[in-house]
Amino acid sequence: MEVKRSFAVGDVLVSRREDGDWMAVKVLAVDSWPDESNTLQCLVFRPISHTPTATSFRSPNDPGYHGPISAAGFAEGWDVLCTSPIEEGDLDGFTQYLKMTDFGRYLEVAGQSLEAVVAQANAYYRAASALDDEGKKLEAIDTYGQAIGLLPMFFEAIDNRALLYWGFGDYATALMGFEDSLRVNPDGNTAFFSRGECLLRLGRLEEAQQVFEEGKQRFPEHRDLYVHYLAETLEQKRSREGSGPTGVPTRPNDPVRPWWKFWG
């Protein structure tokens with residue numbers, strides 16, 4: 001077999017590893033860039049010990065996983081074994097990747113309309129808010145998750161789900177949610193402040209201090225709030241450095257639901 005310098009959708013590329021096993025990848029899409037380089041959106045399979053053929057380049061029940069790989073990486077040591085049709089399920093990982101990185105292209109590949117996806121995500125959001133109001137917190141978390149699954153940049157849903165975890169006292173999970181929200185919407189005050197609150201509750205005082213210091217500059221309309229929590233953080237640091245308690249106490253006036261939560 002001769003190395004192919006350009007690749008097409010469905011090409012199965014194989015290479016033998018130093019340990020004798022074989023690697024195989026299947027090309028799902030070819031992305032060309034202005035510098036004339038190409039990226040192959042690949043379905044990568046687990047190594048196999050036998051010599052691959054057109055019908056046995058993947059192990060039974062191996063769905064493969066998606067990976068974007070530079071076409072230049074296949075210039076040496078890889079052969080084109082065959083061209084295989086794209087099967088049901090082959091694009092699952094690729095579409096999830098596109099959903100997070102190029103939503104417009106995701107809609108095209110998945111055959112979805114933006115209007116329909118947004119409408120369904122909003123319906124889940126409203127249902128989750130109603131469940132929350134009814135006190136059905138776990139159901140609300142799951143339903144916010146459905147909205148986010150449809151529309152990963154739906155930062156309002158990400159924030160509200162994280163705030164529910166905050167209400168359960170699961171500050172570590174809430175923190176991850178607020179960080180996800182800030183990746184989507186870096187200027188979101190709700191997520192930015194709440195991230196600092198989680199860090200404070202987790203005892204990560206240096207990081208919390210940085211958040212509140214930055215927040216009072218970035219969000220001047222909420223400066224008093226950041227100043228208040230900055231003062232509390234510094235007090236906790238002084239307590240930790242002395243002989244006082246090292247944890248973050250639960251203040252008796254804390255509301256069950258954070259007052260800064262928006263319920264839209």
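## Basis of the model

The structure is a predicted model, in which local features need pLDDT of at least 70, side-chain atom pairs count only at pLDDT 80 or more, and totals for chains, interfaces and linings use all residues. Residues are numbered from 1 along each chain as its sequence is written, and side-chain values use heavy atoms, leaving out hydrogens and water.

## Overall fold

The protein chain contains nine helices and five strands. Helices (H or I, at least four residues) and strands (E, at least two) are DSSP runs, numbered from the N terminus. Read from the N terminus, the order is β-β-β-β-β-α-α-α-α-α-α-α-α-α.

Among contacts (heavy atoms within 4.5 Å) with a separation of 6 or more, 55% join residues 24 or more positions apart. Of the 264 residues, 42% are buried; buried means under 20% relative accessible area, exposed over 50%, and partly exposed in between, with a 1.4 Å probe and protein chains only.

## Surface

The accessible surface of the chain is about 14200 Å², and carbon and sulfur atoms hold 52% of this area. Such areas come from the Shrake-Rupley method with a 1.4 Å probe; for residues, only the protein chains shown count as cover.

Ile86 lies in the loop between β5 (79-83) and α1 (92-101). Ile86 counts as partly exposed because its relative accessibility is 33%.

## Cysteines

A disulfide is a covalent bond between the sulfur atoms of two cysteines. With a cut-off of 2.5 Å between cysteine sulfur atoms, the whole structure has zero disulfides. Cys42 counts as buried because its relative accessibility is 0%, and Cys82 counts as buried at 15%.
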